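Keep the viewer open as you read.

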Amino acid sequence: MWGILPIYWKLIQEVPAFEILAHRIIWSCLFMFGVIVILRKSKPFKQEVKRIFTNKKQVIGISLASITISINWVTYIWAVNTDHVVEASLGYYINPLVSIFLGMLVLKESFNKAQWLAILLAAVGVTYMTWNFGSFPWIAILLAFSFGSYGLLKKMVNVGAVFGLTIETLLVTPIALLYLLSQQAGSFGEIEWLSMTSIYVFGAGIVTAIPLLLFSSGAKRIPLSLVGFLQYFAPTIMLVIGVFLYNEPFTHVHMIAFSFIWSGLAIYTITRLKRPRTLAQ
């Protein structure tokens, strides 16, 4: 689902990215409240909200998580709708390595030689692309660091996917509402409410929440090493869609840069796959 999401955003590419983001936040929030009610988790949700908002560090953490995921969402939507799907896929390939780097920098986690090599190869790939194209791949880097930071903040706050997404969207919903009110004369204000475009915009919350809920549920049922491996499917699908469906260029420079990054990911994945065996012994 995450991999084919560019197709969905392309259906509403005439709507500005920030307007889509505002609707994505609002409808995600409403959808998640509906999920909580259906699952009969209203009481545990209230307890979780109370736990978080009685702790200053937790409040700061969840607020920053709301901001970073909003930055990630709007960057991704803008990238897709301005024909940068290939660069967006690059960002999500880099993301696991960014997470390792942030873990070392913030959580003081130790690196092994293989992880250092993986990060070095990714850095070489990005540098090579920057040097040959004459421009820094800021979309990919912003996507990678915003999502990596989001994961780090979620780890520090330690809240589940359902409650976490609900609280995060709830915190930024007032800002989204104010933005939409200020844009009444904007592009979305001119769209008929029962048009397909409006239906797709309103559905942004559902297509945001469902993959995340499935991921949260599925991750509990399979080994962590397999979860890590499966996460490479989404950027691979994005890459294929960008090149073959939307005819975005994939030059020899892309191939060489991606090869460095893929090599780094392969090394990282192999070390992750070996870890459970070592622990089992």
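A residue is buried when its relative accessible area is under 20%, exposed when over 50%, and partly exposed in between (1.4 Å probe, protein chains only). The model is predicted, so local features need pLDDT of at least 70 and side-chain atom pairs count only at pLDDT 80 or more, while totals for chains, interfaces and linings use all residues. Residues are numbered from 1 along each chain as its sequence is written, and side-chain values use heavy atoms, with hydrogens and water left out.

Start at Asn-81. It sits in helix α4 (residues 56-81); helices here are DSSP runs of H or I, at least four residues, numbered from the N terminus. Is Asn-81 buried or exposed? Asn-81 counts as buried, because its relative accessibility is 13%. Beyond residues up to four places away in sequence, Asn-81 touches Trp-9, Lys-10, Ile-12, Gln-13 and Ile-20. Contact means heavy atoms within 4.5 Å.

Trp-9 leads on to the core. A nonpolar core is a set of buried Ala, Val, Leu, Ile, Met, Phe, Trp, Tyr and Cys residues joined through side-chain atoms within 4.5 Å. The largest one has 46 residues, and Trp-9 and Tyr-76 touch the most other members. Neighbours within four places in sequence aside, the contacts of Tyr-76 include Trp-2, Leu-5, Trp-9, Tyr-92 and Met-238. Another core, of 26 residues, lies apart from it; Val-86, Ile-141, Leu-239 and Leu-265 are among them.

Now the helix pairs. Axes are lines fitted to C-alpha atoms, for helices over the stretch in contact, and angles run from 0 to 180 degrees between N-to-C directions. The axes of α3 (residues 42-53) and α4 come within 6 Å and cross at roughly 110°. The two helices are therefore roughly perpendicular, a label for 65 to 115 degrees; under 35 is roughly parallel, over 145 roughly antiparallel, and the rest oblique. Arg-51, Ile-52 and Phe-53 of α3 meet Gln-58, Val-59 and Ile-62 of α4.

Helices α5 (residues 85-107) and α6 (residues 113-133) have axes that come within 10 Å and cross at roughly 135°. That makes α5 oblique to α6. Among the contact residues are Leu-97 and Phe-101 of α5, with Ala-118 and Ala-122 of α6. This contact divides into 12 nonpolar residues, one polar and no charged. Nonpolar covers Ala, Val, Leu, Ile, Met, Phe, Trp, Tyr, Cys and Pro; charged covers Asp, Glu, Lys and Arg; the others, Gly among them, are polar.
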